[in-house]
Each structure stands twice: as structure tokens, then as C-alpha cells.
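Good morning, everyone. Please have the sequence and the structure open as I talk.

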Amino acid sequence: MHAHLTLSEYGQFIGVTSECLTVKEAGVTKEYPLNRLKSVQIAKRGVSFSSDVIIACANRGIKFFIQDFKNETIASISGTQQHAVVRVRQNQFEFIKTIKVATLSALVIEGKIKNQRATLLYFKKYHQLHKMTIDKTAEQLNNILAQIKCRKWQDFDKWNEILLGLEGQAASQYWQCLVACDLMPNDFKNRIGRQAQDVGNKALNYGYAILTSYIWNALLNAGLEPYCGFLHTTRAGKPSLVLDIMEEYRAWVVDRTVIKLRTQLNGKSDLTPAIKKKIITDIHKTFNTKYHYRKRKMRLESILQRQVYHLAGYFSADKKYKSYRFRW
């Protein structure tokens, strides 16, 4: 039973019994024990639920996320029983006013690039025909990482522009490599966020929306403010901290899933319900998979939560922060 429930079909109705969340669709009812759920994500218009559902979830600390037609989270509903949030958020707000945000931003961008590299090398095992192309791109990413690690950008007032420029260079090399190695759907040419028309980008955007709920949930558990980021520009309505933390997990959690589904996406103009369900299932499976973390193996969801707690500690100068690196 998934700890995170994602509903993506029109006409579903969510109800509640004393112990379970019930989902009705086309005369069939499925039950999900409330004591096993951590979040509910509505990823489709036309899903109905009552205030009883919200109350039952809020009383148990289960977060509710609702997406719009662009697959962006537009509502987050959680209970009011949060403790020690004020001090945590004060530390967060004070931290982002200091130059330490530059170092933290560099750590996150390094983590993102390392995980993009790990994703490429993961697929090299199964696509030896493209070994030289992947190795060349991996080396290019290493060169960009070396530029970040040398810390020369710290001497400039525009450190944010410099770091984001290096991040952009790495992203360009990464996506070009995936296209050159036929690891993306046929109609994918380059990465597009909003208003993407090709099915490859639509699949990526849909997957990132599922990833968003995991990050958001972990941030709320740690008492952090999702809308106050350190790398992405703080804009009204944009969960900047969610976007910051997502960077480290995009490639391994979402991109790998879409790459594996590329043959099923070829020739399609839109995401079918079956493909959406497959993306949801695979992302949930990844977060339920155990990975190495500090000399032990843990579920990725637990790793993410611990990483966010370390981030909260870093904001208060209480802990160190190190981006999580996936191993291929």
C-alpha cells in the first residue's frame, strides 16, 4: 500500500470511513488505511471529496496537494498541529539574507549535476553503442563541476548568475546527450517547461509534479517555509524552496522513469491514463526503494526527509549539508 496516494482519473470520488480513505470510480471502491498514508495528491480535474476527508487527513498529519491543468501544485492543505515551526522558519528567513546562500546554492547545483551524470552512466550499462557519447558528456559535466568547486564565483557580486549559468551549461549537455543517444521519445528535441507540446516534455513535467508533492511534504514535516528559497528567485505563487530541493532528485527520480518509458511514448501526442499511471507507480516505487545513506540502506523517501532535516539544521548553523548523490 502506497504511503502517497495520487489520483489522476476524472470522476473519482474520495470518501472516508473511521479507518480508511475510500476512492470510488466506475462503481468500484478501493480502501487506503489512513494510518499508512502521508499525502494525497489530486492530479486531475473532476476528483471530488468532502470536508470530512480533509478533517480526517488533517487530524492524522496527511497533506493534501491539488494540481491544475498545467500539472503545477496550486493548493496545499495540511493540519494546524505543527510544532516548533516559528523558530525553524526564523532561522530560514535569517539565513537567506547572508552570503552563505551562495555556498548552499553551489552544493545543490553540484548535487544536481552529479545526479545527471549518474543517470547517464546508469543507462550506459544497457546502451554500449552510445558509450563514447555518454563518456564524453560525463567528462564535460565533470569539467563544469570543477568550475563550481574552484569557488572563483565567490569573488563576484553576481554569483547567482554565474552558478545558474554553469547549471544551464550542464543541463544543455545532459539533454543533448539523451537526444543523441535515442534515450528520449522521438519528438523530444530539448527541455521545455510550460506549454510543452511534445509528449516527452509532457511526461517530464507530469513526473516533476509528482516529485513536487514528496519534496513539499518533507519540507512541511521539517517546519520549513516552502515559498522561501535560496537559489530560485522568490516569486508570488512559486514554492521556491521546493524547486531548490527538487534539483537534486529530478534526474534520478523522474528522468530515468521517462527514459524507460520512451518506446511507449513514441508516436503519441499526449499522455494516456495508462502512461500517467505508470509514471506515478514508478516514481512511488523509486521512493520506496532502498539506497545507501551514511553507511546504511534506507528508503529514498526517508533519505529525502533526513536531507531536509539536515537542511533545516544548516539554516540554524547546527548541521552540515551535503547533497545526496545517487550511485549507478
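This is a predicted model: local features need pLDDT of at least 70, side-chain atom pairs count only at pLDDT 80 or more; totals for chains, interfaces and linings use all residues.

Where is Ile-14 found? It sits in strand S2, residues 13–16. Is Ile-14 buried or exposed? Its relative accessibility is 0%, and buried means under 20%, so Ile-14 counts as buried.

What does Ile-14 touch, beyond its neighbours within four places in sequence? Its contacts include Leu-7, Leu-21, Val-40, Ile-42, Val-53 and Phe-64. Ser-48 and Phe-49 are among them too.

Now the partner strand. Together S2 and S3 make a hairpin, with 3 residues between them. Which residue of S3 is the bridge partner of Ile-14? That is Val-23. Look also at Lys-24: along the chain, Ile-14 and Lys-24 are 10 residues apart, yet 6.5 Å separates their C-alpha atoms.

Move on one strand. S3 also pairs with strand S4, residues 28–33. Again the sense is antiparallel, this time over 6 bridges. Val-23 stands opposite Lys-30 in S4. This hairpin has 2 residues between its strands, and Ala-26 takes a positive phi near 50 degrees there.

Last stop, helix H10. H10 covers residues 273–288, which is 16 residues. From first C-alpha to last, H10 reaches 22 Å, close to the 22 Å expected. Which residues of H10 are buried? Among them are Ile-275, Ile-279, Ile-283 and Phe-287. In an α-helix there are 3.6 residues a turn, so residues three or four places apart point the same way. Lys-276, Asp-282 and His-284 are also among the buried ones.

Notes. Residues are numbered from 1 along each chain as its sequence is written. Side-chain values use heavy atoms; hydrogens and water are left out. Helices (H or I, at least four residues) and strands (E, at least two) are DSSP runs, numbered from the N terminus. Buried means under 20% relative accessible area, exposed over 50%, partly exposed in between (1.4 Å probe, protein chains only). Contact means heavy atoms within 4.5 Å. The expected span of a helix is 1.5 Å times one less than its number of residues. Two strands pair if DSSP finds at least two bridges between them.
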